[in-house]
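Good morning, and thank you for coming. Please look at the model on the screen while I describe how its parts are held in relation to one another.

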Amino acid sequence: MEFPAASALRGNFPWLGLLLADFLLTLWIPPTTAQFAIVSTSAVEGQDVILHLRNTPPNVRGFIWFRGEELNYHNFIGSRPWYSSEYLTGPQYSGREEINLEGSLTIRNVTVKDQDIYFVVAVLPNSQRDIEFGWLRVYRE
Ligand SMILES: *[C@@H]1O[C@H](CO)[C@@H](O)[C@H](O)[C@H]1NC(C)=O
């Protein structure tokens, strides 16, 4: 199964050919002063955690969440468009995650297995994207 954001990018910019990699780099590392980010968070097993976002870009159209070091379908947790309370879920969705309206990710009843690097893609108008990461640390009591 193909990761939907990747196919959307290809579909929108088929003519860029070899320049695509350069183009993606400029899309994904925009020259913003206030850096969009996931607020790295620590928690104790059994807690409910919210991975908050800071400096969310204006006019954001949706959010796509991943865990793990690669942005591939296997690591896809879920995505939520701005106009809907319904979202798609992927292989890393365990039933405890929820993508909130402002883009943050709630994970209920965390365990040490939830400790990981998390990525969020903010989907912006004109097929632009802003991608950032943060860490969740989970301690045993
Ligand atoms: C939290 O998760 C543990 C297993 O990791 C489970 O035993 C427990 O029942 C869960 N608690 C709630 C409130 O879901």
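**A network of salt bridges**

I begin with four residues, Arg67, Arg96, Asp114 and Asp116, which are linked in a network of salt bridges. Please keep in mind that this is a predicted model.

Let us take the pairs in turn. Asp116 forms a salt bridge with Arg67, and their closest N and O atoms are 3.0 Å apart. This pair links distant parts of the chain, since Asp116 belongs to strand 10, residues 116-123, and Arg67 to strand 5, residues 62-67, 49 residues apart. Is Arg67 buried or exposed? Arg67 has 13% relative accessibility and therefore counts as buried.

The side chains of Arg96 and Asp114 also meet in a salt bridge, at 2.9 Å from N to O. Arg96 lies in the loop between strand 7 and strand 8, and Asp114 in the loop between strand 9 (105-107) and strand 10, so the pair ties together parts that are 18 residues apart in sequence. Asp114 is buried, with a relative accessible area of 3%, whereas Arg96 counts as partly exposed at 23% relative accessibility.

The count of salt bridges comes to five. One of them joins Arg140 and Glu45, with 3.3 Å between the closest N and O atoms. Arg140 lies in the segment after strand 11 (129-139) and Glu45 in the loop between strand 2 (41-44) and strand 3 (49-51), so this pair ties together parts that are 95 residues apart in sequence. Arg140 counts as exposed at 60% relative accessibility, while Glu45 is partly exposed at 26%.

Let us now turn to the chain as a whole. Of its 141 residues, 41% count as buried. The chain exposes about 8,300 Å², and carbon and sulfur atoms supply 55% of that area.

How many cavities of 30 Å³ or more does a search of the whole structure find? The search finds one, and the volume of this largest cavity is about 30 Å³. Among the residues that line the largest cavity are Ile77, Tyr87, Leu88 and Glu98. Strand 8 gives the most to this lining, with three residues. By class, the lining has six nonpolar, two polar and two charged residues.

Definitions and conventions
Residues numbered from 1 in each chain as written. Predicted model: local features only at pLDDT ≥ 70, side-chain atom pairs only at ≥ 80, totals over all residues. Heavy atoms only, no water. Buried < 20%, exposed > 50% of the residue type's maximum accessible area, 1.4 Å probe, protein only. Areas by Shrake-Rupley, 256 points an atom, 1.4 Å probe, with all protein chains shown as cover. 1 Å grid on protein atoms, 1.4 Å probe; cavity = no way out; pocket = protein on both sides within 12 Å on 5 of 7 lines; lining within 4 Å. Points joined across faces, edges and corners; volume = space filled by probe spheres on them. Helix = DSSP H or I, 4+ residues; strand = E, 2+ residues; numbered from the N terminus. Nonpolar A, V, L, I, M, F, W, Y, C, P; charged D, E, K, R; others polar.
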